[in-house]
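Here is a short briefing for a reader who is meeting this structure for the first time. Please look over the sequence and the model before reading on.

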Amino acid sequence: MMQKEVETDEQQSFRESLQPLMPRQNNSNEPLAENYSIYPFHSLGTGQIFEGYTTLAEWILTNRRVIIDGYSGVLWEQVHTSLNEAFLKAGVSVQWIFTSDYLKPEETIRRLVQPFLGEDNAVWGTRCTHKLADFFELEQLQRAGENPDAACTIIIGTGAALCGWEAPLIYLDVPKNEIQYRMRAGSVNNLGAEELVAPARMYKRFYFVDWVVLNAHKKAIYNNITILGDTQWNDTLNWAFGTVIRKALEQLTRSVFRVRPWFEPGAWGGQWMKDRIPGLNKKAVNYAWSFELIVPENGIVFESSGLLLELSFDFIMFHDAAAVLGRHADFFGDEFPIRFDFLDTWDGGNLSIQCHPSLPYIRQHFGEWITQDETYYILDCKDDAKVYLGFQEGVDPEQFRAVLENSQENKEVVAVEEFVQAHKAHKHDLFLIPNGTVHSSGANNLVLEISSTPYIFTFKMYDWLRLDLNGEPRAINIGHAFNNLRFNYQGDYVKESLISHPALIKSGSDWETYHLPTHPHHFYDVHRVEFDSTIAFTTANSCNILMLVEGTSVTVTVAGEDHVYYYAETFVIPAAATSYSLRNNGATRAKLVRVFIKTSIDHLKE
């Protein structure tokens with residue numbers, strides 16, 4: 001659960017977080033850190049990003065009609081007020097048409113979305129199958145007329161492009177982390193909802209309904225977008241022309257990119273990231289997660305003449321998913337299939353004892369296409385660190401369930417190691433967690449979690465009797481867990497098949513490549529590359545995801561350009577890049593993990 005955070009800056013009361021807003025500009029015109037950067041960006045050249053509502057208003061007034069569409073989480077009243085002030089200063093009369101006036105009644109929308117929200121007390125729903133148009137009185141919206149006496153008629157709000165006008169289209173975006181900070185502050189709401197609900201309920205509807213229909217809408221209008229704007233700041237925005245952004249995305253799909261990470265505290269969170277990653281707020285009680293590459297919630301940052309503009313990751317997939325994913329694009333579609341994130345328990349606590357749904361289960365119950373098959377790569381750990389993984393030999397499922405249910409009901413401590421194996425953790429170990437496997441990271445680890453993309457389908461069975469950071473009990477899901485647990489993953493099978501055993505597969509004068517085999521359920525594979533000077537690769541028509549797990553920095557040369565990445569930074573080489581090379585910039589040997597999709601993923605197609 002989320003830490004209850006208090007925003008002390010009155011100018012930022014629209015968001016609730018201790019994490020600072022991304023700066024609107026980088027005056028040095030250089031990367032914002034000389035090591036791990038929390039604001040990585042990709043340059044567009046000079047003069048390609050514009051700042052402020054005044055400049056946008058000036059451009060709007062060169063047109064008779066304009067559509068301003070955008071994502072959930074945009075503060076539409078602020079956008080309207082800021083633009084209107086600019087028009088009034090210019091002495092111009094503008095007609096406004098608001099899409100919110102054409103939404104179906106709140107009760108109608110509630111009935112529309114209810115089948116996808118699951119049980120009230122459950123974390124999960126089912127992926128929505130409706131379209132954005134289903135939320136509107138569409139015929140009325142499309143009949144909305146313009147005032148011939150107005151200098152310009154503007155239709156504004158989420159879904160504005162549904163009007164069907166032949167007019168310039170402005171699309172306003174906002175990062176997913178900022179949507180959640182606004183959600184906690186009560187400054188945004190679900191589409192068509194008037195009453196504010198608890199943030200957890202609001203997030204569930206965002207995840208299973210709003211974001212699903214809005215992403216489909218965004219994809220449908222992507223090629224028609226004239227201007228893209230970043231509205232994560234309350235009083236201003238940065239914007240760029242769609243032609244410029246599409247050109248930049250075309251380059252990124254054939255080069256290398258890094259998304260903007262973001263960070264969250266949690267009940268079991270630790271201190272590794274807070275102590276070692278510059279730019280994080282030290283006042284946070286801890287950091288449990290980093291969203292290194294959890295792309296449903298990451299953005300890509302662009303830079304021009306010092307100005308920064310962030311757009312959600314799905315834009316690159318909408319632009320050319322085949323270039324990013326290569327031979328498996330037909331199967332995965334617009335969904336980027338692999339995620340990287342940090343789980344920080346350094347001076348923190350154990351994660352819950354948990355498992356994840358099987359492939360048929362997640363498809364049937366939650367509408368997802370792939371399931372949450374994970375691995376734990378130990379980036380760093382203390383001497384006493386361990387990982388809970390697999391069952392003890394001869395475990396009795398009925399006894400295990402009875403103990404868990406008794407603990408949930410009577411708040412009694414569970415002797416976890418009587419049922420679940422505990423393995424000593426070492427740097428660079430890889431623990432395999434295919435769906436249905438009982439597992440947990442113990443305290444004093446910094447885990448690089450390498451996984452398939454789904455990221456909220458965790459069935460907790462035991463959480464050490466602790467409360468979340470808001471002082472509330474954490475959700476326990478014994479029923480879901482026991483519908484998925486693989487009790488045959490026990491005894492010697494665990495050490496033989498769930499702990500990866502590295503094997504040298506290639507070597508040169510000053511480099512080695514090791515295969516860290518994954519489980520047959522995993523559709524991705526892991527290599528560790530260890531080298532002193534340089535090494536080169538081909539993408540083999542598959543997306544490559546890499547992280548420097550030992551060393552200071554590497555220079556990646558791809559598509560004729562050099563890019564520097566530092567220790568613990570994640571970067572992506574799209575399949576269409578074809579080939580790339582790495583140069584070690586440190587005085588000692590560099591080690592990288594390199595992850596890619598296996599040649600055969602037939603088990604996902606059954």
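## Briefing on the predicted model

Cys543 is buried, with a relative accessible area of 2%. This is a predicted model, and the points below go from the cysteines to the protein chain as a whole.

**Cysteines**
- Cys152 is likewise buried, and its relative accessible area is 0%.
- The cysteine sulfur closest to that of Cys152 belongs to Cys163, and because the two sulfurs are 12 Å apart, they are too far from each other for a bond.
- A disulfide is a covalent bond between the sulfur atoms of two cysteines.
- When the whole structure is searched for disulfides, zero are found.

**Fold and overall shape**
- The protein chain holds 14 helices and 31 strands.
- Its radius of gyration is 25 Å, close to the 25 Å that the globule rule gives for 606 residues, so the protein chain is as compact as a globular protein of that length.
- Taken along the principal axes, the box filled by the C-alpha atoms of the protein chain is roughly 80 × 60 × 50 Å.
- Of the contacts in the protein chain between residues at least 6 apart in sequence, 78% join residues that are at least 24 apart.

- In the protein chain, 61% of the 606 residues count as buried.

Technical notes. Residues are numbered from 1 along each chain as its sequence is written. This is a predicted model: local features need pLDDT of at least 70, side-chain atom pairs count only at pLDDT 80 or more; totals for chains, interfaces and linings use all residues. Side-chain values use heavy atoms; hydrogens and water are left out. Helices (H or I, at least four residues) and strands (E, at least two) are DSSP runs, numbered from the N terminus. The radius of gyration is taken over C-alpha atoms; the globule rule is 2.2 Å times the number of residues to the power 0.38. Buried means under 20% relative accessible area, exposed over 50%, partly exposed in between (1.4 Å probe, protein chains only). Contact means heavy atoms within 4.5 Å. A disulfide is a pair of cysteine sulfur atoms within 2.5 Å.
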